[in-house]
Each structure stands twice: as C-alpha cells, then as structure tokens.
Amino acid sequence: MELGLIGLGKMGGNMAVRWMKHGHRVVVNARTRASVDRVMADGAEGAYSQEELVQRLSAPRVVWLMVPEQTVDAVLESLLPLLSPADLVVDGGNSWYKETIRRAESVRAAGIEYVDVGTSGGVWGLTEGYSMMVGGEADAVERIRPLLEALAPAPDRGWGHVGPAGAGHFVKMIHNGIEYGMMQAYAEGFSIMEAKEEFGLDLHQVAEIWRHGSVIRSWLLDLAANALADDTSLSEIAPYVADSGEGRWTVAEAIELDRAAPVITLSLLQRLASRDETSYSDRMLAVLRNQFGGHDVKREE
C-alpha cells in the first residue's frame, strides 16, 4: 500500500520508517527540506511541496497528517484543492475532537473521506508499536487497515475502530488525561521517598522492585526507572512541566458532562503551578497569614 505523510516530527518520522519496514510505499512532505531529506535517508520518497506529494500518489490516495493541532486547518486548506473524490485524509495528531468533527463534515462535503487516529507511543513507537484509537466511517477505516496493522504492536492488538468521526481523538484525549493523573501520582510518591533522608532510599532500586509483581507496575514506571538509573536526584532537570492541551480538554469535557475528575484536574493544575516562577498566589497566602495571625513572612534575599 502507498500513502503520503505530511509532518515529520519525531513521531511522524518514526511512523514512516515503521510503514516502510512493513513494505508500504511512503511519500513524505514537511515544512522544511531538511526534514524531508532526513526521512528520505531512511528510504522514503521525498516531496518538497504538497502538489508534488499528491502527484506522486496513485488515486484514490491516502494522505496522513502528523502536524500540530493548530496547523491542521491551514494544511487542509492547501491540501484539499489538490485531492480528488474518493481520496482519504487521516489526522493522526492530537486534535480536539470537536474540531475533528467539524473538519470531517467539511472534508466529506468535497467527497473526500476523513479518519481521525489518536496515536500513543511517543518515541518508543518505532520499536514497540503504537496504540491507536480510530474514528470515522467503517469503510474508510477498513481501507487503511494495513497501515494501522503495520503501526500497531501486533496486527490484532493495540488499535481499534472506536466510533464515528471525532471518537478516536476523544478517546485519545481521555487517555492523555488519565496519563496526567498517573504521572502525578508517581511523581508525588517518589518525592515523598526522596524527602525521607534518614532511610537513604535508592529510588532507582525501589522503581525496579515495583516493576515486577507490584500492583502499580506500568510502562510509566518502567520509564521512571530508566530516568532514575541516570540520576536519582534529577538535579539537572528544571521543575517545569509543559502540557500538550489534552489534559485541559479532558477537564473541560468532564465539567461539560457533569462528571467529577478531581485527580486529572489537580494533576493539570500542578503542571500549571510548576511554571509559576513568581508564585503570586503563594506570596498572597504568606502575607494573609501575617495579616491575620502575625506569622513571620520569609523575605526574598
């Protein structure tokens, strides 16, 4: 099978390599020539424009997008006039599911099929395979089955058609919200152990113990063990945690559906707190304690 791939970040480039290993022909395009050249070195065919990419593919075409959510509309605006009815576009990035529903309706009006694939696996997907949550019409999903089976850990495992357009990105959004909570729990637990200085705990050893037989073992714990093997103090890592936006969308969805999600919500807020270098709210707390109780205030040095 052949496909065009637009977007060659770490995940996109690795996905191209995995497809090629399974015998699929991949034509790639990206914002920069350097990105195209890099994946061409791995065996992909390069296209330095969307026009060239479309021309290199046989109709009916499959074009897979791995671009940031904020650029999807711009890519579609330039891509769709180049495509023909019965072509198929896949959004494999982290798009907000409501935008995916809107885009699917717009694309289908032009006679082009649209599938959303919420993709998890990160930099490990190249060797371990990707988990994929797929939304769209059943016929369209079946059409790209060989591509999904090539990316998955096994053809019959790690992926599935979960519902209509938007469902794939919705399930991936919730997946990432759960991930926030799990990561926060691990981080807090290891922080408490790190503070118990009198025990002199080897946190890498603890992580390795928990990885086997423990009820809290997981791939995230495996990754924690990897990180702690290099530096248990994490002294070179800044205490700043970014977010991709999917945690925010999950919390907003919980509110909209009247479903309590305190763990995911608090883990998101903790990430936001990690970026506050001035912490005005904490300063206000300190001064209020001083005002009502005469408690000492620590001054900046």
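Angles between N-to-C directions of under 35 degrees count as roughly parallel, over 145 as roughly antiparallel, 65 to 115 as roughly perpendicular and the rest as oblique. The structure is a predicted model, in which local features need pLDDT of at least 70 and side-chain atom pairs count only at pLDDT 80 or more, while totals for chains, interfaces and linings use all residues. Residues are numbered from 1 along each chain as its sequence is written, and side-chain values use heavy atoms, with hydrogens and water left out.

**View 1. Packing of helix H10 on helix H11.** H10 (residues 203-210) and H11 (residues 219-230) have axes 9 Å apart and pack at an angle of about 155 degrees; axes are lines fitted to C-alpha atoms, for helices over the stretch in contact, and angles run from 0 to 180 degrees. Helices (H or I, at least four residues) and strands (E, at least two) are DSSP runs, numbered from the N terminus. The two helices H10 and H11 are therefore roughly antiparallel. Their crossing is left-handed, a term for a near helix turned anticlockwise from the far one by less than a right angle, with right-handed used if clockwise. From H10, Leu 203, His 204, Ala 207, Glu 208 and Trp 210 meet Leu 221, Ala 225, Leu 228 and Ala 229 of H11, where contact means heavy atoms within 4.5 Å. The residues of this contact comprise seven nonpolar, one polar and one charged; Ala, Val, Leu, Ile, Met, Phe, Trp, Tyr, Cys and Pro count as nonpolar, Asp, Glu, Lys and Arg as charged, and the others, Gly among them, as polar.

**View 2. Packing of helix H9 on helix H10.** The axes of H9 (residues 167-195) and H10 come within 11 Å, crossing at roughly 135 degrees. H9 and H10 are therefore oblique to each other, and their crossing is right-handed. Phe 190, Met 193 and Glu 194 of H9 meet Leu 203, Val 206, Ala 207 and Trp 210 of H10. This contact of H9 with H10 has six nonpolar residues, no polar and one charged.

**View 3. Packing of helix H9 on helix H12.** H9 and H12 (residues 246-256) cross at roughly 100 degrees, and their axes come within 8 Å. That angle makes H9 roughly perpendicular to H12. In H9, Phe 170, Lys 172, Met 173, Ile 174, Asn 176, Gly 177 and Tyr 180 meet Glu 246, Gly 247, Trp 249, Thr 250 and Glu 253 in H12. By class, five nonpolar, four polar and three charged residues form the contact of H9 with H12.

**View 4. Surroundings of Glu 2.** Glu 2 is placed in strand E1 (residues 2-6). Its side chain makes a polar contact with the side chain of Arg 25 at 2.4 Å; such a contact is a pair of N or O atoms within 3.5 Å, one able to donate a hydrogen and the other to accept it within protein, and residues adjacent in sequence count only if both atoms are side-chain atoms. A polar atom of the Glu 2 side chain also lies 2.5 Å from the backbone nitrogen of Ser 58. Not counting residues up to four places away in sequence, Glu 2 touches Arg 25, Leu 57, Ser 58 and Val 62.

View 5. Most residues other than glycine have a negative phi, and most peptide bonds are trans. The peptide bond from Ala 59 to Pro 60 is cis, with omega near -10 degrees, and Pro 60 is in the loop between helix H3 (50-56) and strand E4 (62-65). Leu 234, in the loop between H11 and H12, has a positive phi near 55 degrees.
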